[in-house]
Amino acid sequence: MNATAPQEPLDPRDRPARLTVGVVGAGRVGPALAASLRLAGHRPVAASGVSDASVRRAAAMLPDVPLVPPADVLARAELVLLTVPDDALPGLVEGLVETGAVRPGQLLVHTSGRYGTKVLEPALRAGALPLALHPAMTFTGTPVDVQRLAGCSFGVTAPEELRLAAEALVIEMGGEPEWIEEQNRPLYHAALALGANHLVTLVAQSMELLRTAGVGAPDRMLGPLLGAALDNALRSGDAALTGPVARGDAGTVAAHVEELRKHAPAAVAGYLAMARTTADRALAHGMLKPELAEDLLGVLAEGDLR
């Protein structure tokens, strides 16, 4: 702000650029976002967290920021980050409103991917300004998370009059705002979970199987392969499909299923489900020949029956 500009009364929606920041729920996400806002010149003033992990995390990423009850966080901060699990968010919002902790003009930001701003309606009725800013990133709870926010997309939902404010906060945290309509939030979140959360399971299973097969450094073996596969998929979509399913190698897939039944029976259902989905997509895009698909789908059906 220009120091010579005349000072006029400010509408809550036209706040000064630098805000006091509070965090309710010092899990992996909240401290990272607050630390990013600190780098942008905002001032974290309070956080809440009760577990030992939360205390350690807050001490490492938000030094000198006191841990206080949630109501006290709201009493001290102009911008409050509600970074609790999805299922806990509605009850938290209702509880804060019922105790009178929410102040008119206060910016309340939740980071749930599942919800838009409707979950904040009780706070809106109390005069708060609701924002939904979901970082499309996996968090470790360490300072590296702040670096990963650079260029990270955020799913943004907010009332039209607060859209610019929401996008500005995302940009200040180093992110890229992506507008998500309220009704599309669950689908948006499902898409991210399908790609990111299930990827961790797939990679962990793959490493376990490689160890069983005698590979001494499965992470080193998988790193270049998975990196290339991810890059190709992001660039080319289904055209990047390779492997025995896309080629229609029914015998190879049958051998895979047999070996998985011997060494990792818990992985069979996931393998069959993904193989069937891969076959469907390869067929739809003309990569898998129909005459080969019949034998392949037969193998997958037999796998389900055994």
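The model is predicted, so I took local features only at pLDDT of at least 70 and side-chain atom pairs only at pLDDT 80 or more, while totals for chains, interfaces and linings use all residues. Residues are numbered from 1 along each chain as its sequence is written, and side-chain values use heavy atoms, with hydrogens and water left out.

I noted the geometry of the pair: the axes of α8 (residues 185-212) and α9 (residues 218-236) come within 9 Å and cross at roughly 130 degrees. That angle makes α8 oblique to α9. Angles under 35 degrees count as roughly parallel, over 145 as roughly antiparallel, 65 to 115 as roughly perpendicular, and the rest as oblique. The axes are lines fitted to C-alpha atoms over the stretch in contact, and angles run from 0 to 180 degrees between N-to-C directions. Helices are DSSP runs (H or I, at least four residues), as are strands (E, at least two), numbered from the N terminus.

I then listed the contacts (heavy atoms within 4.5 Å). From α8, Val203, Ser206, Met207, Leu210 and Arg211 meet Pro218, Asp219, Met221, Leu222 and Leu226 of α9. I sorted the residues of this contact into seven nonpolar, one polar and two charged. Ala, Val, Leu, Ile, Met, Phe, Trp, Tyr, Cys and Pro count as nonpolar, Asp, Glu, Lys and Arg as charged, and the others, Gly among them, as polar.

Next I checked α4 (residues 89-98), where Leu89, Leu92, Val93 and Leu96 are buried. Buried means under 20% relative accessible area, exposed over 50%, and partly exposed in between (1.4 Å probe, protein chains only). These residues cover an arc of only 95 degrees around the axis, so they lie on the same side of α4. The arc is taken from the directions from the helix axis to the C-beta atoms. Their cover includes β1 (20-24), α3 (70-76), β3 (79-82), β4 (107-110) and α5 (121-125). Just after α4, I found Gly100 with a positive phi of about 75 degrees.

I looked up Ala123, which is in α5. Is Ala123 buried or exposed? Ala123 is buried, because its relative accessible area is 1%. Leaving aside neighbours within four places in sequence, Ala123 contacts Val93, Val97, Val102, Leu108 and Ala128.

Last, I located Pro159 in the loop between β6 (153-157) and α7 (163-172). With the neighbours within four places in sequence left aside, Pro159 is in contact with Thr117 and Pro130.
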